[in-house]
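Work through the exercises below with the sequence and the 3D structure in view. Try each task on your own before you read its solution.

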Amino acid sequence: MKRIVLIDDDETTNYLNKLIIERSELVDEVISFDSAEDALRFFNEHRTEEDEALVLLDINMPIMNGWQFLDHYQALKDSDSNKIVILTSSINPADKQKAEEKRMILDYKAKPLSVEMISELVTSYLN
């Protein structure tokens with residue numbers, strides 16, 4: 001099963017991204033979370049090796065940001081089975097550099113999401 005998990009605190013962004021992904025017909029399931037804490041709970045409770053997903057993670061979120069999410073996520077069993085891509089509006093060069101230094105982050109993309117970007121990501125990381 002091809003699955004994408006969206007983690008972004010902006011509900012409108014999640015809604016639009018989910019529509020774009022579903023209309024692309026490139027994946028079987030799209031799950032969205034508007035908080036990193038909820039996503040972390042989901043991964044903690046629903047992880048099996050067969051549940052591989054492409055995770056599109058925002059950096060700038062309240063309470064638990066994307067970097068904090070990754071720190072907690074790494075401690076989970078089978079955390080390396082998912083493919084993590086940063087999808088952000090951050091223009092801070094330090095964020096991109098930090099993403100490049102983290103082994104678990106496969107790519108760094110700037111918002112907005114597009115069908116072309118989804119196609120590239122699915123082809124690169126879910127096939």
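A salt bridge here is a side-chain nitrogen of Lys or Arg within 4 Å of a carboxyl oxygen of Asp or Glu. The model is predicted, so local features need pLDDT of at least 70 and side-chain atom pairs count only at pLDDT 80 or more, while totals for chains, interfaces and linings use all residues. Residues are numbered from 1 along each chain as its sequence is written, and side-chain values use heavy atoms, with hydrogens and water left out.

**Exercise 1. Find how D38 and R41 meet, and state where the two residues lie.**

Step 1. The side chains of D38 and R41 form a salt bridge, with 2.5 Å from N to O.

Step 2. Both residues belong to helix α2, and because they are 3 residues apart there, about one helical turn separates them. Helices (H or I, at least four residues) and strands (E, at least two) are DSSP runs, numbered from the N terminus.

Step 3. For the surroundings we use relative accessible area, where buried means under 20%, exposed over 50% and partly exposed in between, with a 1.4 Å probe and protein chains only. D38 has a relative accessibility of 31%, so it counts as partly exposed, and R41, at 44%, counts as partly exposed.

**Exercise 2. Compare the salt bridge of E52 and K83 with that of D107 and K109.**

Step 1. In the bridge between E52 and K83, the closest N and O atoms are 3.0 Å apart. This pair links distant parts of the chain, since E52 sits in the loop between α2 and β3 (54-57) and K83 in strand β4 (residues 83-88), 31 residues apart.

Step 2. E52 is partly exposed because its relative accessible area is 29%, and K83 is partly exposed with 22%.

Step 3. In the bridge between D107 and K109, the closest N and O atoms are 3.8 Å apart. D107 has 19% relative accessibility and therefore counts as buried, and K109 is buried with a relative accessible area of 15%.

Step 4. A search of the whole structure gives 8 salt bridges.

**Exercise 3. Describe the aromatic pairs that involve F33 and F43.**

Step 1. Rings of Phe, Tyr and Trp (its six-membered ring) pair if their centres lie within 6.5 Å; planes under 30 degrees apart count as stacked, over 60 as edge-to-face and the rest as tilted. By this rule there are 5 aromatic pairs.

Step 2. The ring centres of F33 and F42 are 5.3 Å apart and the planes stand at 45°, so this pair is tilted. Both residues are buried, and F33 belongs to strand β2 (residues 29-33).

Step 3. F43 and F69 also make a tilted pair, at 6.4 Å from centre to centre and with 55° between the planes. That pair links distant parts of the chain, with F43 in helix α2 (residues 36-45) and F69 in helix α3 (residues 66-73), 26 residues apart. F43 and F69 are both buried.

Step 4. Taken together, ring pairs link F33, F42, F43, F69 and Y73 into a cluster.

**Exercise 4. Decide whether E11 is buried or exposed, and name the element in which it lies.**

Step 1. E11 is part of helix α1 (residues 11-24).

Step 2. Its relative accessibility is 56%, so E11 counts as exposed.
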